[in-house]
Amino acid sequence: MTFDTTKDPSRLAVPTRPLFFISHRHADQPIADVLRKFVTGQSGGRIDVFQSSSAQADNPRVGRELQKELKEHLWAAGVVALVFTSREEDWSYCMWECGVATHPASPETKIVVLQCGPQPPSVYSDAVRVNALDPTDVQKFTNDFLTSPDFFPDRREAVAPGFSPNGEEVQQAARQLHHALEEVIPSAPEEGADWATVPFLRLQLTYTEVDAIRQLKAVEGGRAVREAARVKDIDGEAKRLFGLGRVDQLAPFTRLVEAWQQGRPDASTSWIDELAEQIRVGSHWRLPRFSRQLMNGVDNADRAKYAPILSRIRSVPRQRCHYFDVYFSKFDTDDQGAIKIGFVNEPQAAPEAIPTVAPAGEPEALSPGAAGG
């Protein structure tokens with residue numbers, strides 16, 4: 001790691017109060033908010049907290065260079081708390097922040113890993129961590145924070161000098177922190193491996209966005225869905241469908257659409273409008289209708305046709321958002337483009353007995369003998 005020392009942050013004035021820096025992904029802001037409120041409340045406001053995602057804490061100032069701002073605060077921080085949820089996410093920026101804070105030329109900084117999932121960050125796998133869902137670990141952290149005179153390396157006084165180690169006040173504070181963390185930390189997936197048999201995509205809309213969409217008519221509402229929806233989860237098959245090797249969590253849905261359009265510049269985009277309409281209708285808690293607008297994947301070797309199907313909607317109050325689970329069901333078509341009933345590779349009846357569904361706007365195809373005479 002390199003560090004710009006042309007303006008040595010060590011020359012900055014020593015802060016008059018301890019600084020507690022919260023390093024986190026912006027998707028984990030609810031957890032960071034709980035930690036900030038705990039530190040501020042239990043210290044009586046005697047500790048400064050830097051949280052980039054909160055307007056109620058120190059954060060990067062408008063008009064300033066972001067990395068310079070972060071370096072200055074990281075250099076001054078006595079404690080950096082790393083909020084860590086899952087190894088599957090991108091932690092490069094958080095690791096950069098921890099690296100800056102522990103640069104050999106910087107003042108001493110303590111790294112506290114708040115582990116909010118089943119696995120620790122590999123970089124800190126041997127370090128003492130705080131398991132956020134373990135009441136014993138939270139109790140130890142709370143006791144250390146409130147009663148240890150050296151919790152902040154550059155200080156020699158406890159945050160709450162009147163509290164007895166593991167006394168009733170400390171235990172009560174620990175219980176409150178543990179309960180608040182349980183409310184915002186996402187539930188860990190059950191053990192075991194699973195996979196989707198067709199491409200899977202989970203889109204997210206906030207409560208505020210859904211409320212706005214409900215006020216719009218169909219066309220404007222569909223457009224709002226396309227513009228506001230973000231990717232909460234996507235499996236490998238869906239990435240392949242869109243021609244992408246990696247998709248960041250909470251990336252705009254439009255980024256997937258753009259990637260697909262680059263790979264299929266001449267293809268119909270009707271499926272995009274169809275999916276947006278399903279989500280718009282679903283946001284009203286109504287059952288959507290499926291017209292099965294088909295799409296091809298970007299991979300030319302994949303001969304199947306796919307139709308987006310909104311299969312499940314979930315409200316998540318603690319994150320104030322809705323999840324929309326979408327499966328891209330596989331279909332096969334005949335030479336005229338009519339959909340064959342049944343999924344690709346399913347055993348089929350004899351060809352003459354297979355009914356077909358004509359594309360939208362065309363008469364329904366009939367199997368031999370189906371017409372009355």
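## Asn166

Asn166 is partly exposed, because its relative accessible area is 39% (buried means under 20%, exposed over 50%, partly exposed in between, with a 1.4 Å probe and protein chains only). The residue sits in the loop between α4 (135-147) and α5 (168-184). Helices here are DSSP runs of H or I with at least four residues, strands are runs of E with at least two, and both are numbered from the N terminus. The phi of Asn166 is near 60°, a positive value in a residue other than glycine.

## Basis of the model

This is a predicted model, in which local features need pLDDT of at least 70 and side-chain atom pairs count only at pLDDT 80 or more, while totals for chains, interfaces and linings use all residues. Residues are numbered from 1 along each chain as its sequence is written, and side-chain values use heavy atoms, with hydrogens and water left out.

## Leu250

Leu250 also has a positive phi in a residue other than glycine, near 70°. Its place is the loop between α8 (236-242) and β8 (251-252). Leu250 counts as partly exposed because its relative accessibility is 24%.

## Overall fold

The protein has ten helices and twelve strands. Of its 373 residues, 43% count as buried. Take the contacts between residues at least 6 apart in sequence: 60% of them join residues at least 24 apart. Contact means heavy atoms within 4.5 Å.

The protein exposes about 20,500 Å². Carbon and sulfur atoms supply 49% of that area. Accessible areas come from the Shrake-Rupley method with a 1.4 Å probe, and for residues only the protein chains shown count as cover.

## Helices α7 and α10

The axes of α7 (residues 218-228) and α10 (residues 270-282) come within 8 Å. They cross at roughly 100°. The two helices are therefore roughly perpendicular to each other (65 to 115 degrees; under 35 is roughly parallel, over 145 roughly antiparallel, the rest oblique). Axes are lines fitted to C-alpha atoms, for helices over the stretch in contact, and angles run from 0 to 180 degrees between N-to-C directions.

From α7, the contact uses Ala218, Gly221, Gly222, Val225 and Arg226. They meet Ile272, Asp273, Ala276, Glu277, Ile279 and Arg280 of α10. By class, this contact has five nonpolar, two polar and four charged residues. Ala, Val, Leu, Ile, Met, Phe, Trp, Tyr, Cys and Pro count as nonpolar, Asp, Glu, Lys and Arg as charged, and the others, Gly among them, as polar.

## His73

His73 lies in helix α2 (residues 66-76). It counts as buried because its relative accessibility is 16%. Leaving aside neighbours within four places in sequence, His73 is in contact with Leu19, Phe21 and Phe50.
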